[in-house]
Amino acid sequence: MRRLSPSTRNALAEALNEFLAGQTPLNRGVFICRYWYFDPIEEISRRFDVSENNVYVILSRTRERLRKFLQEGGFDI
């Protein structure tokens, strides 16, 4: 993993915050639980009252939207 300069880290953090602000509460909550708090899929499923399969789908689609968002913002993914 390559190291990012402080200015790039700040820009990336701002872009991530902007991206998450544009997501539905469910998508944002699932994403944050998984990738910020490292919650297990089973726990996220119970917390949001959705199937485990739905959690996997939400995460996959959200990651894809994030990838596109960052690429459009000029980040080299």
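1. Crossing of α2 and α3. In this predicted model, helix α2 passes α3 in a right-handed crossing. The residues that make the contact are Leu-26, Gly-29, Val-30, Cys-33 and Arg-34 on the α2 side, and Ile-41, Ile-44, Arg-47 and Phe-48 on the α3 side. Sorted by class, the contact of α2 with α3 comprises six nonpolar, one polar and two charged residues.

2. Angle between α2 and α3. The axes of these two helices come within 10 Å and cross at roughly 150°. Because angles over 145 degrees count as roughly antiparallel, α2 is described as roughly antiparallel to α3.

3. The largest nonpolar core. Eight residues form the largest nonpolar core: Val-30, Cys-33, Ile-41, Ile-44, Val-50, Val-55, Ile-58 and Leu-59. Two or more residues are given to this core by each of α2 (25-35), α3 (41-48) and α4 (52-72). Helix α4 supplies the largest share, three residues. In soluble globular proteins, nonpolar side chains tend to be buried together.

4. Surroundings of Leu-59. Which residues does Leu-59 contact, leaving aside its neighbours within four places in sequence? They are Val-30, Phe-31, Arg-34, Tyr-35 and Ile-41. Of these, Val-30 and Ile-41 are listed with Leu-59 in the largest nonpolar core.

5. Packing of α1 on α4. Helix α1 (residues 6-21) and α4 pack at an angle of about 130°, and their axes are 11 Å apart. This angle makes α1 oblique to α4. Helix α1 passes α4 in a right-handed crossing.

6. Residues between α1 and α4. From α1, Leu-12, Ala-15, Leu-16, Glu-18 and Phe-19 meet Thr-62, Arg-65, Leu-66, Phe-69 and Leu-70 of α4. By class, the contact of α1 with α4 has seven nonpolar, one polar and two charged residues.

7. Ser-45. Not counting residues up to four places away in sequence, Ser-45 touches Val-50, Ser-51, Glu-52 and Val-55. Two of these, Val-50 and Val-55, belong to the largest nonpolar core.

Definitions and conventions: Residues numbered from 1 in each chain as written. Predicted model: local features only at pLDDT ≥ 70, side-chain atom pairs only at ≥ 80, totals over all residues. Heavy atoms only, no water. Core = buried A, V, L, I, M, F, W, Y, C linked by side-chain atoms within 4.5 Å. Buried < 20%, exposed > 50% of the residue type's maximum accessible area, 1.4 Å probe, protein only. Helix = DSSP H or I, 4+ residues; strand = E, 2+ residues; numbered from the N terminus. Contact = heavy atoms within 4.5 Å. Axes fitted to C-alpha atoms, helices over the stretch in contact; angles between N-to-C directions. Parallel < 35°, antiparallel > 145°, perpendicular 65-115°, else oblique. Left-handed = near helix turned anticlockwise from the far one by under 90°. Nonpolar A, V, L, I, M, F, W, Y, C, P; charged D, E, K, R; others polar.
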